[in-house]
Amino acid sequence: MSDPSAERRAPRAARAADREPLPVKVLRHGSSADAARAVAQEVVALVAERPTAVLGLATGGTMVEIYAACVERAASEGVSFDRVRTFNLDEYVGPVAPERTFRAYMEEHFFGPFGIEPGPHAFPDAARAATDALGAARAYEDAIGRAGGIDLQLLGIGRNGHVAFNEPPASASSRTRVVELDAVTRADAGAAFGGVERVPARAITVGLATILEARRVRLVAFGASKAPAVERALLGPVTGTLPASLLRGHADVSFVLDAGAASGLG
Ligand code: GLP
């Protein structure tokens, strides 16, 4: 059971840091399963109300539970995702086995279970980015703009505080671009690639400005390994050295946490 009384806001003292950031809603749940159900409830309610909603989607272990909960809730509510439009945050650039791409992940956890096809611009064009980084980046920003912007952006968080592949130090004005991946990020991805040396060195990612333009932002973090990054993001200074802290400039952002991820918040 989630604890509905556990909705809190970052302490006022923390908001005095750097500039006066906007209050962030912090939703603490007893378990990741409860948190996933709460996120799924919001996503499915949005799609029920607006079948052509534009969803900003993330990858990573955290999102596996979120997507499974979305699929389950949509089925139980009879809500179709056939007409949603989606934009993923990022994709690896460089030689990557097809089954290791974020497209493959999304087929497995989202598009396949929903029985829908990704749109033509559901991912940044990593193949084009290898030779035409600027063109690929601009095309992705344009596609998001043509869709009318993102209604709800789902985010995970890296142990180094990255969101999407905006590695520290990140800028709040960053846009879609090709980036070098951080050592922490590559180490964390090592298991999935069968060794850190096989993890691509580069990726194309949306920027913080792209994310901050979404109408709602929901960052999800599970497990004690994320607690230090979550704590710094919410209670530390608003700084590009902890990219997730820059989300505190958004008017409608929530951090949805399980007990482990919230354990540094007191
Ligand atoms: C990758 C993704 C991020 C994600 C992060 C955390 O780096 N590009 O968007 O937030 O992984 O993943 P996990 O949920 O597996 O901890």
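1. The count comes to 11 salt bridges, a salt bridge being a side-chain nitrogen of Lys or Arg within 4 Å of a carboxyl oxygen of Asp or Glu. The model is a predicted one: local features need pLDDT of at least 70, side-chain atom pairs count only at pLDDT 80 or more, and totals for chains, interfaces and linings use all residues. Residues are numbered from 1 along each chain as its sequence is written, and side-chain values use heavy atoms, with hydrogens and water left out.

2. R37 and D34 form a salt bridge, with N and O 2.8 Å apart. Both residues belong to helix α2 (residues 32-49), and because they are 3 residues apart there, about one helical turn separates them. Helices (H or I, at least four residues) and strands (E, at least two) are DSSP runs, numbered from the N terminus. D34 is buried, at 11% relative accessibility. Buried means under 20% relative accessible area, exposed over 50%, and partly exposed in between (1.4 Å probe, protein chains only).

3. A salt bridge also links D132 to R128, and its closest N and O atoms are 3.0 Å apart. D132 is partly exposed, with a relative accessible area of 31%. R128 is likewise partly exposed, at 35%.

4. E141 and R175 make a salt bridge through their side chains (3.0 Å, N to O). E141 sits in helix α6 (residues 133-146), whereas R175 sits in the loop between β6 (152-155) and β7 (177-180), so the pair ties together parts that are 34 residues apart in sequence. Which end of this pair is buried, and which is partly exposed? E141 is buried, with a relative accessible area of 18%, while R175 is partly exposed at 32%.

5. Some salt bridges share partners: E42, R216, R218 and D252 are joined by them into one network.

6. An open sheet is formed by 3 strands in the order β5-β8-β7, and the pairing is antiparallel. Two strands pair if DSSP finds at least two bridges between them. The edges are held by β5 (90-93) and β7, each with a single partner strand, so one side of each has no neighbour in the sheet. From one strand to the next, the twist averages 30°; axes are lines fitted to C-alpha atoms, for helices over the stretch in contact, and angles run from 0 to 180 degrees between N-to-C directions.

7. How many bridges join β7 to β8? There are 4 between β7 and strand β8 (residues 202-205), and the two run antiparallel. E180 has R202 of β8 as its bridge partner.
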